[in-house]
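Thanks for coming. I will go through one structure today, a few places at a time. Please have a look at it before I start.

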Amino acid sequence: MLPFQGGFSVTEKTATQAAAVPSDHIMGVYNRTPLAFERGEGARLFTTDGEAYLDCMAGIAVNALGHANPKLVQAVKDQAEKLWHVSNIFTIPGQEKLAKVLTDLTFADEVFFTNSGTEAVECAIKTARKYHWARGNPERIDIIGFDGSFHGRTLAAVNASGNASYLEGFGPRMPGFIQVPYGDHEALKAAIGPTTAAIIIEPVQGEGGARALPDVCMRGLRELCDEHGILLILDEIQCGLGRTGKLFAHEWAGVTPDIMAVAKALGGGFPVGACLATAEAGAGMTVGSHGSTYGGNPLAMAVGLAAMEELGSEALLAHVRELAGYFHQQFTGLKDRFPDVVADIRGKGLLIGLKLHTPNRDFMQHARDQHLLVAGGGDNCVRLLPPLTLTLEEAREAVEKLEAACETARAKLAG
Ligand SMILES: *Cc1c(COP(=O)(O)O)cnc(C)c1O
């Protein structure tokens, strides 16, 4: 048993089952599980004493290409020996290359690189407001978002999502942010007015509980935006980059946004985010409008380029669709066999939500007891966000482990 900093052992059963581990020197904003990993390989994570876990959360949709992916490792090593960082006042060839890849594959004409998802959202919101300002409509500042959304933790992002628990205690709400119920077209129409700048939405809500927006709603959103001269911002930070079985989730609906925030899988674990925009939507963002010290540095771009080579591959997307079909079938069966535990199956592709009757935190522990890692989610869901490279064999194993977790949950409900 190897004790580590917090003064507990990762293998001790009692420690593993403790609800949270207080840390003396880390700001207490996370309810952490006392599990510490030292190594990963593909969809496996290994604790310091070599215990293996099947990772079906992938760092919340970040490690889409698995842990220690050889191509990403090589890209980091090669670039680390050459150049890590220069300022954005210089030309960064890696940035131009990655921006070309992203714009070639999408609706977008231009890209701003960030270090996180929330910064990509921040850039998206600023870009939308600046667009209207530059066109002589400075009053158009309102960003309409949706209940249950998540856009990150900057002040603008928490105001855009409107989640009360993320806003509490941080001063008055910022002006210019409105929320309506997810998928409620009439409420959305009613919220639109002369000061509306943009609508921001996740095509599949992640943290909110794996809720997928029907394609018809996505097309309706696009029409509404066009009708009123409003910009459509998609937050594809979690559902983008292959997770739904297409490179971006909005492709299922056959419409495109004006602005899109991307991150998570883009660096495969290295912090890289991006705000993509059409030339028109980005027109207000001129020299001096925005910036970032680290955003788009050579090291980040090298990893992003290597990741995009894989994420953009049709073979990987086909694999995601196949796995998604398998999971959907299996989980439907699981819901039939455990109607007392599983209330609903949601999501799209490999962003899967199991809405539960038992508390999701308990269920996550039951899964961990089976050495399976799943993420929590809103509306009492657990989310499966496995690496896109998960094998069918590993998918079968995940289903078996989930079934065992359901048995435990059922026994607890009965007892
Ligand atoms: C994770 C996430 C964010 C925030 O990304 P960070 O990198 O944590 O800032 C924003 N939007 C969505 C949909 C996300 O899943």
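I begin with helix α12, which spans residues 360-369 and is mostly covered, with 7 of its 10 residues buried. Keep in mind that this is a predicted model. The buried residues of α12 are Asn360, Phe363, Met364, Gln365, His366, Ala367 and Arg368. Just after α12 comes histidine 371, with a positive phi of about 60 degrees.

Next is helix α3, residues 70-80. Which of its residues are buried? They are Leu72, Ala75 and Gln79. Looking down the axis of α3, these buried residues fall within an arc of 60 degrees, so they line one face of the helix. As for what covers them, α10, residues 298-311, is included.

Now a single residue in a loop. Where is leucine 390? It sits in the loop between β19, residues 381-384, and α13, residues 392-414. Is leucine 390 buried or exposed? Its relative accessibility is 0%, and buried means under 20%, so leucine 390 counts as buried. Leaving aside residues up to four places away in sequence, leucine 390 touches Ala43, Leu54, His319, Leu323, Phe327 and Ala395. For a sense of distance, take threonine 278, which is 112 residues from leucine 390 along the chain. The C-alpha atoms of leucine 390 and threonine 278 are separated by 34 Å.

Last, the ligand. Which residues are around it? The list is Ser116, Gly117, Thr118, Phe150, His151, Gly152, Glu202, Asp235, Ile237, Gln238 and Lys264. By class, this shell divides into 2 nonpolar, 6 polar and 3 charged residues.

From glycine 117, a backbone N or O atom lies 2.8 Å from an oxygen atom of the ligand. From phenylalanine 150, a backbone N or O atom lies 3.2 Å from a nitrogen atom of the ligand. With aspartate 235 the side chain takes part: one of its polar atoms lies 2.7 Å from a nitrogen atom of the ligand. How much of the ligand's accessible area does the protein cover? On its own the ligand has 380 Å² of accessible area, and the protein covers 81% of that.

That is the end of my tour.

Conventions. Residues are numbered from 1 along each chain as its sequence is written. This is a predicted model: local features need pLDDT of at least 70, side-chain atom pairs count only at pLDDT 80 or more; totals for chains, interfaces and linings use all residues. Side-chain values use heavy atoms; hydrogens and water are left out. A residue is near a molecule or strand if one of its heavy atoms lies within 4 Å of it. A polar contact is a pair of N or O atoms within 3.5 Å; within protein, one must be able to donate a hydrogen and the other to accept it, and residues adjacent in sequence count only if both atoms are side-chain atoms. Accessible areas come from the Shrake-Rupley method with a 1.4 Å probe; for residues, only the protein chains shown count as cover. Ala, Val, Leu, Ile, Met, Phe, Trp, Tyr, Cys and Pro count as nonpolar, Asp, Glu, Lys and Arg as charged, and the others, Gly among them, as polar. Buried means under 20% relative accessible area, exposed over 50%, partly exposed in between (1.4 Å probe, protein chains only). Helices (H or I, at least four residues) and strands (E, at least two) are DSSP runs, numbered from the N terminus. The arc is that of the directions from the helix axis to the C-beta atoms. Contact means heavy atoms within 4.5 Å.
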